[in-house]
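Here is a friendly note to read with the model open beside you. Take the points one at a time and find each residue as you go.

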Amino acid sequence: MSAMAALFKREIQLSVRVGGGALMGVLFFLIVVTVFPFAVGPDLNLLARLGPAILWIGALLATLLGLDRLYQADQEDGSLDLLLLTDHPLEMVVLIKCTAQWVATGLPLVLAAPLLSLFLNLEPIGIAAVTATLLVGTPALTLIGSVGAALTVILRRGGLLLSILILPLTIPILIFGVSASIGAVTDPAPFTTPFYILCAISLLMLIIGPIASAAALRTAQE
Amino acid sequence: MTATAKKSFSIWDLANPTRFLSFADKLMPWLLGLSVITFAIGLYMTFFVAPDDYQQGATVKIMFIHVPSAWLAMGAYTMMAMSSIGTLVWKHPLADVSAKSAAPLGAVFTFLSLVTGSLWGKPMWGTWWVWDARLTSMLVLLIIYLGLISLWRTIDDPIKAGKASAILTLVGFVIIPIIKFSVDWWSTLHQPAGVITLDGSKVHSTILIPLLVMALAFTFMFIMMHMKIMKNEILRRRIRTMHMQAARRAASSQTGNKQ
């Protein structure tokens, strides 16, 4: 298992040290949240109503845009071939890489969400709900995005195609994430139902993501 | 399936593209005839047998195009998913040809159902588009079809493209029901009640029979076009192989001259 620990450490170090790493995603998140009020106007009541949606769109885009190099860098320098040759199952390798990717890029987004919620005039309970849904939902985004990254690994400019392929599949995550966040604030709408469904989707992606990504990587390297 | 039945016909008999082509050629006139006949009957019944709706008037007849299109839009994806299993599990040589050929057809039928739905919605709901659960799910399905088609077009190598698309098709096949469910949930949250009243609770047989005939006609047309596109794809791949062989021959003869 130490090989997996070493891989995890390598991935974290690479993503933190190369190209701004975690900071870049958070910066993109900040910019999306900043741009929104310019488009819809500075009305604080409107922003409070749209807040969860804005934060979720920002997190969705920040997660997806950071994913196109997930396997491509390894493919270019040949380390992907070595990962394919190890006696550990490739699904496990994918899972470790996705975990490291999420810790390096997804977790900072979750941590930044409470601060950015203040700009959007969210109530404390709303802030807690958005942060909780992002904590549960962003792993699912990373895992489903990993499938797209693996499918487009051999393409030189796969970033745009990745988003086209993966964004429709993230619609359930977006719907339940935003519904739960809004449900926590407005009265008749429930919080727990969409939140539990979001958890269920994340668990499902935990299975689909590694299996499909590993299959795609094997196909690409044949 | 018994051994004798297997001997007489198996899907593996069609693994040989030449045999598939001759089989498709034999089947083609029958399919063409069947779809022409069923369309003739279906369209006659649509225009002269099916009554106008007491509320919607003649616009209700859009349904006879709209509903079969929507059925086939979903049927084409199921067909692609089955072909994808064929590609990944059994490595059937024609499975990825079948999946690739079904994708544009599925996209066209999804588009048709959206356009006819929109044309139907304008007189009924007073607007071209509402974010109704069904319309929204069909729009997402259209985007998924277009994404798959672009994945096929971006990867040069047909075998690799086939496998990559098969993986995505199967992932989509698992997630599309979740998308459908989530969009239904989302729509009930947002939809103000009473905008859309689906009063098609009891479908009378004068409507149902033309609808089923039209669905049959659409299905025959789908199978016919699917076979035709598969045939074209096989021929296109043969031309690609011939091009590559010709290029290799030219290259080797050139180097031979130099030496």
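Which residues do ring pairs link into a cluster?

1. Ring pairs join B:Phe39, B:Phe109, B:Phe218 and B:Phe222 into a cluster. Rings of Phe, Tyr and Trp (its six-membered ring) pair if their centres lie within 6.5 Å; planes under 30 degrees apart are stacked, over 60 edge-to-face and the rest tilted.

2. A word on the source: this is a predicted model, where local features need pLDDT of at least 70 and side-chain atom pairs count only at pLDDT 80 or more, while totals for chains, interfaces and linings use all residues. Residues are numbered from 1 along each chain as its sequence is written, and side-chain values use heavy atoms, without hydrogens and water.

3. Over all chains, the whole structure has nine aromatic pairs. In one of them, the ring centres of B:Phe39 and B:Phe218 are 5.5 Å apart with planes at 50°, so this pair is tilted. B:Phe39 sits in helix α2 of chain B and B:Phe218 in helix α7 of chain B, 179 residues apart; helices here are DSSP runs (H or I, at least four residues). Both B:Phe39 and B:Phe218 are buried, meaning under 20% relative accessible area with a 1.4 Å probe, protein chains only (exposed is over 50%, partly exposed in between).

4. Now try B:Tyr77 and B:Phe173: their centres are 6.3 Å apart and their planes at 10°, so the pair is stacked. B:Tyr77 is buried at 4% relative accessibility, whereas B:Phe173 is partly exposed at 38%.

5. Finally, look where the chains meet: the contact (heavy atoms within 4.5 Å) takes 29 residues from chain A and 26 residues from chain B.

Key: Chains are lettered from A and ligands numbered from 1 in the order in which they are written. Helices (H or I, at least four residues) and strands (E, at least two) are DSSP runs, numbered from the N terminus.
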